[in-house]
Amino acid sequence: MPTTARRLGTVGVLALALVALGSSRARLAHSQTLPAGAALQTAAEKYKNLQVLKDIPADELIPSMQFIAASLGVECDFCHVADQSNRLQFDKDDKDEKKTARLMMKMMFNINKNEFDGKRGVTCNTCHRGSPHPQPIPAIPEGTAQPAAMEAMHEHEHEHEHEHDVEPESLPSAAPVVAKYIQALGGADALGKVTTRVEQGKALTPEGPPIPIAIYTRTPDQRVSIMQMPKGDSVTAYNGQAGWIAFPGRPLREMSAADRQAARLDAEAFYPLHLQHEFTELKLEEHGEKIGDHQADVVLGLSQGQPPVKLYFDKQSGLLLRMVHYTDTAFGLNPTQVDFADYREVAGVKTPYRWTIARPSGAFTIQVDKAEQNVAIDAERFVEPKP
C-alpha cells in the first residue's frame, strides 16, 4: 500500500476517535463489560505468531505497534511484508527488521527489569527519537545558543522541574476556569439545550487534496464521522457503548476499550457540560503556558491509574485551546494533541470550526464549513453495522 494511502487510513482511524486515554482506565472499562469470571483476551489468543508480546491484553497490541512506528519514524511495512495484492502479512517473519524488533523488545524489557526495578525507565523512543537507527554520536545543533538564551532556557527547565515536584492532588481546584469556559461558550442553560449537531467540512492533510467530511453528534457522547475517500467512505463511530472503524477495502474493525474511552472523551469535548464529569478531579496548575499568541491556564483532568489529561484554556477568552492526552502501551505512552480554533456562534452557542489532531506520526486538520444544531439525525447512523 502506498505511503499516502496508509497515511489516509490513519486519518480515517484518528479523525474523531482520539485513541489515547490510557490502558489503565481501558482495562477497567473492559473488565466491567465482561461476564463474571471471564478473563481479558491476551494478544496471543487473538493474533498469530506472537513471540514477545504474547501475554499483553489483545487491545494493547495495535497501540503498541503504533508506539514503535512513532518512535522509529516508520510505517508498518518497515517490519511487515506484503503479499502480491499489497496486503500486509503480519504473521510472516520474512523481514530481518521484524526479527531485530523482537530482540530490541526483549532488550528493553530486560533493561527496565534489571536496572529500573521493573519500572518503565527506557522505551523505544529513548534511543531512536524518530529514526530507525539510533545515532551513537551527539549531533551538533545548527545554531549556537547565546549565553542569555541559554540562561533563559535553564530557568524555564528549572521552573518545570519544580512544577513536576508538585503532587496534582495538592493543586487548587480548576472549577473557576471551567466555569469561565462554560460561560464563554454561551452559558450552561444554552449548552444544555443542544442535543445534536451536524457539521460539514473537510479534512486537510499535508499530502493530497481536501477530503470532504460529515460529522454527526448526539449528546452526551455519540459521534460519527464520515470521510468521503476516493474509493468509498471512511467511518469512525462511537454510539456511547460500541465503537467501530470502517475503511474502504478493509474489514470493519471494532474499537478496543482504549479506543472507546478516547472516542467518548473526544465526543464530550464538544459537549463540555459532560466533559467535566469524565474526570474524578480537575486541578489548576500553578503556572500557565503560552499556546501560540495566547496565554493559557493549564488544567489537569485526573482519573485514577492514568496520566492526567491536560486542558489549556485561553486566559482572556476562557475558550479551550488545546487538549493533550495519552494512550498507554506495552512500551510507553502515545501522545495525542488536539488544538481547537476558529470558534463561531451557532444558535447562541460557540463551537470550534477548526481542530488539528497531532501525533508523533503526523497531523491533520478538520475545517468545518457549516454547522447546525438540534437537527434530526437518522438513528441508524449510530447503529453498528454487521461485519
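Modeller: A polar contact here is a pair of N or O atoms within 3.5 Å; within protein, one atom must be able to donate a hydrogen and the other to accept it, and residues adjacent in sequence count only if both atoms are side-chain atoms. The model is a predicted one, in which local features need pLDDT of at least 70 and side-chain atom pairs count only at pLDDT 80 or more, while totals for chains, interfaces and linings use all residues. Residues are numbered from 1 along each chain as its sequence is written, and side-chain values use heavy atoms, with hydrogens and water left out.

The pair in question joins the side chains of threonine 356 and threonine 365, which make a polar contact at 2.8 Å. Threonine 356 belongs to strand 15, residues 349–359; helices (H or I, at least four residues) and strands (E, at least two) are DSSP runs, numbered from the N terminus. Threonine 356 is partly exposed because its relative accessibility is 23%, on a scale where buried means under 20% relative accessible area, exposed over 50%, and partly exposed in between (1.4 Å probe, protein chains only). Apart from residues within four places in sequence, threonine 356 is in contact (heavy atoms within 4.5 Å) with Gln337, Val338 and Asp339, and also with Ala363, Phe364 and Thr365. Alanine 203 is 153 residues away from threonine 356 in sequence, yet their C-alpha atoms are 9.6 Å apart.

A polar atom of the asparagine 239 side chain lies 2.7 Å from the backbone nitrogen of alanine 242. Asparagine 239 counts as buried because its relative accessibility is 18%. Leaving out residues up to four places away in sequence, asparagine 239 touches Gln222, Trp244 and Phe382.

The cysteines come next. A search for disulfides (pairs of cysteine sulfur atoms within 2.5 Å) across the whole structure finds 0. Cysteine 79 is in no disulfide, and the nearest cysteine sulfur, that of cysteine 76, is 9.2 Å away. With a relative accessible area of 16%, cysteine 79 is buried. Cysteine 127 is exposed, at 52% relative accessible area, and is found in helix 6. The closest cysteine sulfur to that of cysteine 127 belongs to cysteine 124, at 9.3 Å, and is therefore too far for a bond. Cysteine 127 and leucine 72 are 55 residues apart along the chain, with 9.3 Å between their C-alpha atoms.

On a 1 Å grid over the protein atoms alone, a cavity is a set of points where a 1.4 Å probe fits but cannot get out; a pocket is an open set with protein on both sides within 12 Å along at least five of seven lines, and lining residues have an atom within 4 Å of a point. Grid points are joined across faces, edges and corners, and a volume is the space filled by probe spheres set on the points. The second largest pocket holds about 450 Å³. Among its 21 lining residues, Leu72, Met104, Met107, His128 and Pro134 are the closest to its centre. Helix 4 (61–72), helix 5 (96–115) and helix 6 (124–128) each give two or more residues to this lining, and the largest share, 8 residues, comes from helix 5.

The largest cavity has a volume of about 60 Å³. Its lining consists of Val178, Tyr181, Ile182, Pro272, Leu275, Gln276, Phe279, Leu282, Leu311 and Phe313. Helix 8 (175–185), helix 11 (272–275) and strand 12 (309–314) are the elements giving two or more residues to it, with the largest share, 3 residues, coming from helix 8.

Taken as a whole, the protein has 11 helices and 16 strands, and 43% of its 387 residues count as buried. Of the contacts between residues at least 6 apart in sequence, 51% join residues at least 24 apart. The average pLDDT (the predictor's confidence in each residue, from 0 to 100) is 82, and 83% of the residues score at least 70. Residues 1–33 stay under 50, although the model gives them 93 contacts beyond four places in sequence. Residues 144–163 are also below 50, with 5 contacts beyond near neighbours in sequence. Where pLDDT is low, the predicted coordinates should not be read in detail.
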